[in-house]
Amino acid sequence: MISLKREVDTLNELERATNELRAQIERTKASEILNEEDEELTKLQLENMKLKHRLAILERMKALEEAKKQCTATAIISNNLTDSTSSFSTIAIPTTIDEMIPISAHLIDLFTNAIASAFPHLAGTSAVITPVSSNAAKFGDYQCNSAMSLSKTFKADQSSNKSPRDIAQEIVKQTSASPLIDKLEIAGAGFINVFLKKSYAVSALTNTLRIGIKPPQVKRQRILVDFSSPNIAKEMHVGHLRSTIIGESISRLLEFLGHDVLRINHLGDWGTQFGMLIAHLEERFPNFLNESPPIGDLQAFYKESKKRFDEDEEFKKRAYNRVVELQSGEANSTKAWKLICDVSRKEFQKIYERLDVKLSEKGESFYQSRMVEIVKFLEQNNFLELDEGRRIMWPTDEKTGIPLTIIKSDGGFTYDTSDMAAIRYRLEEEKAEWIIYVVDAGQSIHLQNVFLAAKRCRILDPCCHRADHVQFGVVLGEDGKKFKTRSGDTVKLTDLLDEGLKRSLAKLKEKERDKVLTPEQLRAAQESVAYGCIKYADLSHNRLNEYVFSFDKMLEDRGNTAVYLLYAYSRICSIARNSGKDFSQVNKVLDTVKIELEHEKEWKLAKTLLKFPDILLKISKSLLLHLLCEYCYEVCTTFSEFYDNCYCIEKDKCGAIIKVNCSRILLCEATALILRECFNILGLKPVDKI
């Protein structure tokens, strides 16, 4: 009922916005009685057109929300009417579908029902569905492989000696008609080959062009993604690259699916290092309370203070005193700390803006009071034990493995304390249902222990919470060792981005793009290629593995690279532009032109585009973004096959257009639409001209 109420509220808000726009349109219409020579008339007419366009979008959204509301209400009624005595309820299969849906999920429902009908004692057995390689179209588009495993089940319980092929025949007999399926064929030992209907593809792609890409329906959740997490007073370096890029893309994916996503930057802004920074600040700039100190180069400032901390015992004592003062809220120490944090934030923000990353900060300091509370909570529930002066907590009741140190022997808190306070805050105060930590693989054991400890003290309930550590390998240089500068220093992230801009511009000039693009277009292309290739090189590798950072490979325009994809997208966009026809109002074109899929390469491209919802659902479960990169590459290579074999625009020997195949150009537009959404999730910024 909560979900239905949310849909109703959304619908009411859309109704209000629609009425407001209608009123504005009427006002602009009334204003058109002005003299035709009035200078304001053109402006008013232009505004009227914009308002009408916005109204059309809102009305489409309103229609979608109304449909969602009806579906939600129907689902609630169906659930209430379900026979509680039934051990298995069949899944309702829609008789008509005119939008892109997860095909694999639909087929699983279809064949799961068929198995239940064919073999009632196996009701509830989920069907096994696999997509068929696009190069093996004669075997269909998908396969149901359940017959083999069911045959083993029959043999194990000695209820029957049916062969897999016999079982497959029974399943096919009980398979209901589907608007997605053209035909079923049994092949080999008992594989059920599924051939898709072209009419479904035409309807789904047409609908997508009319109203845009709709995400597959999922249960909406409140999800917190913890990523990036640099340390105050230290510059962001290549070690922060993967967490930032992967976390941003995961957030974009989950937001596209309709989840309520909290993007959290767990800054390192508390602890011993701030004692030495504050003590050093007081001596270097004693007037810092009244005049902002010139500490723009925080990295150098940090190194100076660290050197003194390591070599000067008197300075070390003062630093420890400043930590105590800071954590107790002493005014001067707090102001010094804020100054240092503000300088760092400004530098971080420059990086985030260049990478188009959005985050909300909740650093370690935010949890100071909550660390006190978590200690009380754990003590009251007898989860803490004394161990050589420390107060520890075992992650499990068996008390094996590595315990968390909640209170140090000197009475101070640790990362274990702040992480326990953070997970409690996120689940109990932020009401997150799913928390995702995008942190390097080296933190695997630590986070596993935090999750186990949170379960043990019932902060994290596996029945209603999900916690994932999205781990990743390190970035390597071309020598196969950890990526560093020639001098052996860690590579600064700002230097890496600058180098990317320099190399991408050189690549564009090498292709003489500077001679055909305006300065503004060249700059947009330069940034698109530079930042895109850095992001894509990371995301296109399985995050669980290390990867070699190489600008030369990133900037190649062949193979699965950002440059290849961006060039391909630009070429696709140019087709409609060069056709001599107006495809800007695609709905008008669709009123007179139907997408046709007669050529085998047209059909192959359409089927590739239809995989998009399945790919998104698969990634939302595994959080492996290289799967989306592989899909983008598949779309582009399949499009290339289509374009090489299917003329969209035919010209005579003089270059004059003699024929335009509008159906194929609509297929180009659908391809561009899906690629654009993929790029948005991956954080790439495509340009129409490159």
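**Stop one: the open sheet**

Start with the open sheet of 5 strands, which pair in parallel in the order S7-S6-S5-S11-S12. Strand S7 (360-361) and strand S12 (466-470) are its edges: each has a single partner strand, so one side of each has no neighbour in the sheet. Strands here are DSSP runs of E with at least two residues, helices are runs of H or I with at least four, and both are numbered from the N terminus; two strands pair if DSSP finds at least two bridges between them.

Before moving on, some housekeeping. This is a predicted model, where local features need pLDDT of at least 70 and side-chain atom pairs count only at pLDDT 80 or more, while totals for chains, interfaces and linings use all residues. Residues are numbered from 1 along each chain as its sequence is written, and side-chain values use heavy atoms, leaving out hydrogens and water.

Now select residues 222-226 and 260-265: these are strands S5 and S6, running parallel and joined by 5 bridges. Ile 223 has Val 261 in S6 as its bridge partner.

**Stop two: a hairpin**

Next, pick residues 181-187 (S3) and 191-196 (S4), an antiparallel pair with 6 bridges. The two form a hairpin with 3 residues between them, and Gly 188 in the turn has a positive phi of about 60°. Which residue of S4 is the bridge partner of Ala 187? Look for Phe 191.

**Stop three: a hidden space**

The structure holds 3 cavities of 30 Å³ or more. On a 1 Å grid over the protein atoms alone, a cavity is a set of points where a 1.4 Å probe fits but cannot get out, and lining residues have an atom within 4 Å of a point. To find the largest cavity, select Glu 99, Met 100, Asn 207, Thr 208, Gly 212, Ile 213 and Lys 214, which line it. Its volume is about 50 Å³, counted as the space filled by probe spheres set on the points.

**Stop four: a helix residue**

Go to Ser 570 in helix H18 (residues 562-577). Is Ser 570 buried or exposed? With 7% relative accessibility it counts as buried, the cut-off being under 20% relative accessible area with a 1.4 Å probe, protein chains only. Beyond neighbours within four places in sequence, Ser 570 contacts Val 687, Asp 688, Lys 689 and Ile 690; contact means heavy atoms within 4.5 Å.

**Last stop: confidence**

Finally, colour by pLDDT, the predictor's confidence in each residue from 0 to 100. The protein averages 87, and 87% of the residues score at least 70. Over residues 28-38 the pLDDT is below 50, and residues 67-87 are also below 50. Where pLDDT is low, the predicted coordinates should not be read in detail.

Methods. 1 Å grid on protein atoms, 1.4 Å probe; cavity = no way out; pocket = protein on both sides within 12 Å on 5 of 7 lines; lining within 4 Å. Buried < 20%, exposed > 50% of the residue type's maximum accessible area, 1.4 Å probe, protein only.
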